[in-house]
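Q: Could you walk me through how to read a few features of this structure?
A: Gladly; let us look together.

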Amino acid sequence: MTEPANDAITFAVIKSALDTIVDDMAYAVMRTARSPIVRDVLDYSVTICDRHGRILSQAKTVALHLGAVPDAMDVIMARFAGDLAPGDVIILNDPYDGGMHLPDIFMFKPVFFEGALAGFCVVIAHHCDVGGRVPGSNASDSTEIFQEGLRIAPMKLYERGVVNRTLVTIIERNVRLPDLVIGDLEAQYATCNIGERDLLRLFERHGRVSLEAYFDRLIDYGETLTRKAIAAWPDGTYTFTDYIDGDGFSPDPIPIRCVITVKGDHLHVDFAGSSPQVKGAINSTLSFVKSSTYLTVRCALDADVPNNAGVYRCITVTAPEGSILNPLMPAPVAARALTGYRVVDTVMGALAQIVPEKVMAAGEGGNTVVAIGGYDREKREPFVLVDMINGAWGGRHDADGIEGVTNPSQNMSNLPVETLEARYPIRMTEYAFRDDSGGAGEHRGGLGLVRTYELLAGDAILQLRADRTEHPPYGLFGGRPGAPSRNLLTTDGETRALPGKVTLEMRGGMTLRHEQAGGGGYGDPLRRPFAAILRDIADGKLTRQRAAADYALVFNPAGGIDESATATLRAARRA
Amino acid sequence: MTGSARIAVDIGGTFTDFVLLAGDGTSYSAKVSSTPARPEEAVLTGIAQLLATAGIPASEVGSVLHGTTVGSNALLQKAGAKTGLITTRGFRDVLEIGRVRTPTMFDLSWRKPEPLVRRRHRMEVGERTGARGEIVAAVDLDAVREAGRFLAAEGVESIAICFINSHVNPANEVAAARALREAVPGIAVTESVAVLAQSGEYERTSTTAVNAYVLPVLEGYIARLEGALAELGISAPLLIGNSNGGLSAATVAREKPVFFISSGRAAGAVGGSRLGTATAEKDLVVFDMGGTTASAVLIEKGELSRTHEYEFRAGISTPSRFIKAGGYMMRVPTIDVAEVGSGAGSIAAIDAGGLLHVGPVSAGALPGPVCYGKGGVRPTVTDANVVLGLLPPVLAGGAVKLDVAAAREAIARDLGAPLGLSAEDAALGVREVVNGNMARAVRAVTVERGVDPRDFTLLAFGGSGPVHACDLAASLGMKRVLFPEAPGVFTAMGMLAGEVEHHDVRAWLSPLAALDRAALATTMAAMRDDGLATMARQGHDAARITAAFALDLRYRGQEAAITVPLTADEAAIDPDTLREAFLAAYRTMYGYVSRDTIESAAVRLVARAEGQVLDFAGLKRPPGRALRPETRRPVRFSRSGWTETRILDAAAVGATPVAGPVILESDDSTIVIPPGATVARDPTGHLVANLGGAA
């Protein structure tokens, strides 16, 4: 029976069923994972693809991962076409063979219905350690991929339901925390099985022919909505450049430049003019650049556009070979997330020229990664803390930026202070908003966060990936940049500033304080209502001195705003 | 001493429902319009009316059971107390930072909910407790007092205190609370360990802040209610339904209101489990459909499904248990409810891509559905049901005439024309989509837990539930639907089925294999003693209190745990039995087990006071009224056309099965029995639909 997918009701029911399946899968990872980076910080992603490897539905997980799935699926389809069987499970992490950076292990489970391939369950998780020279395997100062840990080419972890013991043993022997890594791989596996079970139920209910016709329609639907939106944008080219502070070896700023071309209902994003590949580990695979670009464009579309392969059909992305956005082997890539965040900021800056009401000024610039790994003397066990600090949004056309919020490219959570202290020989002495850090504007940027870590005893390796110390988050349409970030190391009462990308030894009693950049402002600060400024002052988010400078205000002795003196001051400034 | 009649009161947004259960088992019910500004007024009106109807003097009333939305409304309308917070230095922003996630993706227009305590009123003091409970720095009590005085001067009415690691050692926090109560005696103080002694500084701070925020409001309301009951001559104890479906003395609700936020909603689920026991339906999905939302609760082998935390928020539009961050987090025991933003008032629309959506936008009470003629112009689920003939063209015994033509026109214009369908077929589509959305709620409590809904019976109540229940059940492959008698006041009825409960949970971190049974037994004994003492203060006889323990287990490294029963007998505590129970549950949920170390995380106590609980099988009705005569009207059940359908008075259905299609009407509900199904009254007096092979 051939059935054109023309029943509006069945279509809606199938779309909702797919969304439920990925949601259930995402919940299963959270419940079964072992490492704090997965179970608390939620650095993982879940999606379902059809038998051609096209994304059908994504869970509300890390967007930055999800857009890289198409390129990874291409590798799987090319490598394993005709060699897939029920019970097979494939994993990979090699950035030069379908992956992004080594800690992110992709897992794919092909799903078979009535003996033939029906789709794939895909779960990507950031593992707390995959070996290499530094605990956490995330160092920004490695100089080749071989220093970064275990490289796993696309391989079967399970073959017809039988686990590949050789591969498991190689992984166990090459990572610092095998219990957590294997435990998290088990969580990924369990999640694939849950997705498989539910996807098969859908096939049983609707039949292959009918269901696959609706899959096609679902992808077309994503494409239709995307093309409609792009077609409404004015044709033209829009350019924006943003910067990374440096690669940890050279202080030279690293430009990320994009040119967006809108032509009819298609978008082309080209990154020519961006930096050549760099020595440090912030090079990004092209798949990750695509992912960063897709999600930023997706933010400029309406909320009900489904996140599937249809959206990607409308956007092409190019970056020169040998550039930081398309590096050649054996360039190091471990800290590439930072570059992805800057791609997001850059594309957002260009989109601001097209759809100013859909974007925000720059946020904190991506999460800051603090990894502290060592040997717990009391517990006689190795430990690796991988902590990610999120974040602040920039101002929007009709609202302030949010403070204490995930970067929109991730949707990650935070590691509770009490969980951290119970598991690691570390005490956190502050987790708070950073006063005065939001960029001024009619709609100000969100405040950055402060997080301070005290190593209680023993020795450890600290590995830091921070940015936006030299190039703070930009404002839009007259809004000011957010405050730049700072990293402060205190030893025996003496405090010194650290560069953003550094690996160093930490001893008991030393304290690391990260002050995150604040979001940029949106619109002219002089248009900000006095009431909003006074409320920020009352809440201690803004000091009077800073308010006076940023918003050209004169305060009266009672602490209120002297409106006539303020008007005079502002007139003088304009003149 | 007071008498044997029991009264249950459930306050809803539109109506306040009452059920009086007389000493001889006769039940009387009443409905009066709610009085949102002063909810106790409707309560008094209704109770007086009910006592008069039943001919029972106030002195005969033995207890008043109450489900209240005062707590949830305070949160929803931001009408709680002006609240302050005192934290460890460096952590005053934990409440506002939250868990940093967003409930949606790719949406840069998102607004984060306003914290219940603004930053100006979040004070920090010097103090620190380490992760193992060691006091790193004693609490600076002068700073605590100074913070209290500042907050008092700011007009703050209630203060929450939450210190880092206070769940391990509460000494600093308790000392601070004591000093604060002395310094600012007129202000309510909630210390975090009094409501939640568990790890997780955000969840604990938020739970404490919610408690502080709603405390003065609920306390004032309960005091007024108690005074008013006394005026009626009722001296019986007032019991308040908690979010977990149990009942607690009013004093508990006044001190720990955070446990009572979902007071009303939980009662329906408890009633469902009790009804299930009475009708021998041990495996049920309790389905409630209101104006803007629909919800589902699982009852497996007679046990209600419960959870340890939830988020309160308005406009829930997803059954996701994965995504949080849309509202106010409370880590308190609660009935595990999956809710979707689909109800009778949900608006149906076509998006730019040609997809039919129903909800989460609702027409609400105003402007309401198009057919109500109160200004609504966008078609709703109710409009679809009216157009299809599933709902009668008049409401409330003929008092309100519905505008069927206007509903049909709106559906034809907004949905039929763009989809190329007739108004009737588009209306059927609206029903299918809304049933699909509501099925997500049912799936969330069944399929997601590895439970097959096809083995379960759907229990439907609420104003609109019975209109959709049979089709919803069929879409999930469920074969039976149970309709309680008087579905419109079922939540109040459910309260009569609740038991007085006391809950306690304490951290117990240990590898399962190395469980220190003696120490655990000592802690359990202390928990039981505390519980008995608390309940004795509420007037319960210690000899009639049962205590049940449970242990939270997980693989080492996991955060989420599975709760398994734990024997109270020290000698019988057996790690192997516990391990087997954990592994069985884990395999059911996740399809695999691991050889890794299993550890315990917490020990839990639920103490229940034996007492009168509602026996659904033994209910008697007051003298009957005359049956409405049978009529007929055309109804459209499918795309194949109109069916001339019998319309019966629900009370006319007896033990002999009536074949569908048939529509059963009563004062407060409409039950739709589609073609192919049958309906009959079971021996306990409730209606059961059999869907036959329809799946």
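Q: What pLDDT does chain B average?
A: Start with confidence, since this is a predicted model. Chain B averages a pLDDT of 87, with 93% of its residues scoring at least 70. For the complex, the predictor gives an ipTM of 0.92 and a pTM of 0.88.

Q: Where in chain B does pLDDT stay under 50?
A: Look at residues 315-320 of chain B, for which the model has 15 contacts beyond four places in sequence.

Q: Which residues of helix 15 of chain B are buried?
A: A residue counts as buried if 20 or more other C-beta atoms lie within 10 Å of its own. In helix 15 of chain B, that applies to Met524(B), Met527(B), Gly531(B) and Met535(B). Down the helix axis, the buried residues of helix 15 of chain B fall within an arc of 65°, so they line one face. Their cover includes strand 27 (500-511), strand 28 (545-555) and strand 30 (598-609) of chain B.

Q: Which residues are exposed on the other side of helix 15 of chain B?
A: Among them are Ala518(B), Thr522(B), Asp529(B) and Arg537(B).

Q: What follows helix 15 of chain B?
A: Gly539(B) does, and its phi is positive, near 90°.

Conventions. Residues numbered from 1 in each chain as written. Chains lettered and ligands numbered in written order. Predicted model: local features only at pLDDT ≥ 70, side-chain atom pairs only at ≥ 80, totals over all residues. Buried ≥ 20, exposed ≤ 12 C-beta atoms within 10 Å, placed from the backbone. Helix = DSSP H or I, 4+ residues; strand = E, 2+ residues; numbered from the N terminus. Arc of directions from axis to C-beta. Contact = placed C-beta atoms within 7 Å. pLDDT = per-residue confidence, 0-100.
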